[in-house]
Amino acid sequence: MSDRVLGIQYSTLAQERETVTLGMWAFLATEVLFFGALIAAYLNYRIWFGAEFIAAASLTKVALGTANTAVLLTSSACMAMAVITFDAGSKRAPVLWLAATALLGLAFVGIKGTEWFLEYQEHLVPALNFDLPRYGGIAEIFFIFYFCATGLHALHLLIGISLVSWLAWRIGTGRLQPGGSTTRLIGLYWHFVDIVWIFLFPLIYLAGRNM
Amino acid sequence: MHAPRNETYLNATVGIRSWLLTTDHKRIALLYFAGITFFFFIGGIAATLIRFELLTPGPTLGSADLYNRLFTMHGIIMVWFFLIPSIPTTMGNFILPMMIGARDLAFPRLNLTSWYLYMAGGLITLTALLLGGVDTGWTFYTPYSTFYATGYLILAVFGIFVSGFSSILTGLNFIVTVHKLRAPGMTWYKLPVFVWSTYATSVILVLATPVLAMTLLMLLAERVLHVGIFSPQLGGDPILFQHMFWFYSHPAVYIMILPSMGVISEIVPVFSRKPLFGYYFVVWCSIAIAVIGFLVWGHHMFVAGQALYASLAFSFLSYLVAVPSAIKVFNWTATMHEGWIRFDAPMLYAFGFIGLFTIGGLTGLFLAALPIDVHVTDTYFVVAHFHYIMVGGAVMGYFAGLHYWWPKITGRLYPDYWARFAAILAFFGFNLTFFPQFILGYLGMPRRYQTYPPEFQIWHVLSSAGASILAVGYALPLFYFAWSILRGPRASANPWGATGLEWSTRSPPPPENFATTPTVIRPPYQYVRGEPLMQAGDV
Amino acid sequence: MTAGTIWRCWLTLMLLLAATTASAFVPLGSLNLPVSLAIAVAKALIVLIFFMELRASRPLVRSFAAAGFFWLLIMIVLTGADYWHRNDTRAPIDEMPLPSR
């Protein structure tokens, strides 16, 4: 993503900026279908299994999940602040906002890890120690979805944290100047990871809470 | 700043690193050609062994288990490592930027990454298949594949997973390129149909392949962790796997056919010396096929246990998807009407495509009817149907494009009479191979079976005989293409007298395609009294 | 996009989060899922339109953004057609409970 040297396929910088933006949105569309396939499978099982599947969701930790959602939504706001302060020509402000974004991302991963640890202690981890006689086969399928979805999401988040940290270093050391697209593109990716969680949250944590 | 008179993309830089680290879309296309050809022949060897095995009603070559591994290998290699990449990564990569007047794709380094992902995935899967393979069929149905199958399933599936990213990135590259890098004056409705077809294909690549990625991940999770996502003994639903698998794999067949249709749409006007009939219909039908193709996947699951209501919906939608394909066939035929037809090799392959694709497509309609499908599903009728489309259609289209753009890509001409002979041989060999299979299927011969009742043998022998002729038809181009590179006469910029920006630059093209970015003033396929009005550009 | 917009959006997102979590504890029967999904869609739209700047983007970019979600909808609706109707006709064996292992 070099902002200054124009590839032979481009005639203007504006064309390059528009092109890479379009490319990132096309990539995000593929990610919508990637996570979406998992969500579609989940929804079908929710219809198919009904009450037992929904009840399994009440075994998740809604307080930690809600806290995590707040963390990630705030990190998106920080990322957006990084983009506009960098646009405005500042160097210190975007680095600080990017650091905040990355730290909040790490906080998310930490809280998630805590949840997983608690679930391990409660014998809710399929293939490791799932207590089938106690919870039942349908609950096990729910938790397979839970670990696949949150695991893949965490992986994407870790990639995002790496990208944000790298960006903060580039801006902080003066290697990246405003006027290009890099910051915005990484911002798009970060916001997308947030959106995935926005949909995973109600599906995982909010089902079966009033049964 | 343009290249000296004798500099081409082939000789501009030398050395293995200049090829393996290239970002030139034309060189990457050749890298793909090498891989595609390699995998085509591996898949072909598997097919040869299959047809040899089926010569006798009992075991011929080996056990039923070996046979299962052979047809699985054939399916996996041909679908994911030959058909899906074939035209987009070779001709799409090479010709598409030139057709729109661009110097390269939008993301050249991503393009090279796509090739490496393709080769890595292909070699991983090939290793799995050679180590002992898999016996599940290319469809990996659960719970057999996840709980009972022996073999190197995890490795094979992982290779497919990796190559899926190659597909996604290539599709993404093409979509963005067509939107943003068209030359001045090149509006959407001046684009050649090959560009529209490749664009439609790329939309499918981008939207369908991620679903396959997730499906394969869940498959691997079930196999590795022994958890019951799709397995009824643990409460899961095997049909869910089929839904997810076919949500990708049905659009995948349109990935395989749309580019071939694009090639045919290029060739028929040139060799009829007439503009393409119904350009707007043809381009919007390409888009329609891509979109409606996402709505029909359940027709692979009519007898799997899917709800009847869903089967009805999918059956109706499957009838709908045939309409745009048929419209295209009518348009190609109308293009030829009152044209000046030339029977060069590309046109012979195009004729073959139109006839064989029509038969394959019609038999698809038979299969879309629920009561007929109940009778012939999982029989050789289905095998014949999809081979008519995939081989009679897609592969013929691939060879048509190969023969059409060969002079542009290599700067050499091939011996025309050998090429025509190969095309005709392939056509006859193909029909002898696959028409008996319609009859076999109707009579009740199941697919994926090594042994069969003796009364079916005559049809299998005919089919295997046809396969040997088809093999010669496919092998011949290896020889005359090799000869053309070594000894063939040099090609001019436009040996076929065609319209299109790719023909306005020399053969082989210079590294940056055009000395100056062309300005487009005319729609495509402008033939008047059999002669083309050339587009603006340099020669 | 200004700092003011960003923090107003953040506030709205927090309020929506509180609403969705609270609504989960209210017995709404089969409405719980649509309500929580509707709130999720609202949150996602705020992120898409403001943080991801779709508000200021060209129609082409917006159509790319929409395409992924639209195609996902196709997948959900058509597979749903199967799962919603799978039990329309049941055989006696379907009435037997699943083995517990």
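This is a predicted model: local features need pLDDT of at least 70, side-chain atom pairs count only at pLDDT 80 or more; totals for chains, interfaces and linings use all residues.
Select residues 1-56 for domain 1 and residues 59-87 for domain 2, the two parts into which chain C is divided. Between the C-alpha centres of domain 1 of chain C and domain 2 of chain C the distance is 21 Å.

Next, move to chain A and select residues 92-121, which form helix 4. This helix has 30 residues, and from its first C-alpha to its last it reaches 43 Å, close to the 44 Å expected at 1.5 Å a residue.

Show the side chains of helix 4 of chain A and pick out the buried positions. These are A:Pro94, A:Val95, A:Trp97, A:Leu98, A:Thr101, A:Ala102, A:Leu104, A:Gly105, A:Phe108 and A:Glu119. An α-helix has 3.6 residues a turn, so residues three or four places apart point the same way.

Finally, display chains A and B together. Here 34 residues of chain B are in contact with 27 residues of chain A. On the side of chain B that touches chain A, select helix 6 (153-180), helix 7 (193-225) and helix 8 (238-272) of chain B, each of which supplies at least two residues. Which helix of chain B gives the largest share of that side? Helix 7 of chain B does, with nine residues. Colour the side of chain B that touches chain A by residue type: 23 of its residues are nonpolar, six polar and five charged.

Conventions
Residues are numbered from 1 along each chain as its sequence is written. Chains are lettered from A and ligands numbered from 1 in the order in which they are written. Domain bounds come from an automatic or database domain assignment. Helices (H or I, at least four residues) and strands (E, at least two) are DSSP runs, numbered from the N terminus. The expected span of a helix is 1.5 Å times one less than its number of residues. A residue is buried if 20 or more other C-beta atoms lie within 10 Å of its own, exposed if 12 or fewer, and partly exposed in between; C-beta atoms are placed from the backbone. Two residues are in contact if their C-beta atoms, placed from the backbone, lie within 7 Å. Ala, Val, Leu, Ile, Met, Phe, Trp, Tyr, Cys and Pro count as nonpolar, Asp, Glu, Lys and Arg as charged, and the others, Gly among them, as polar.
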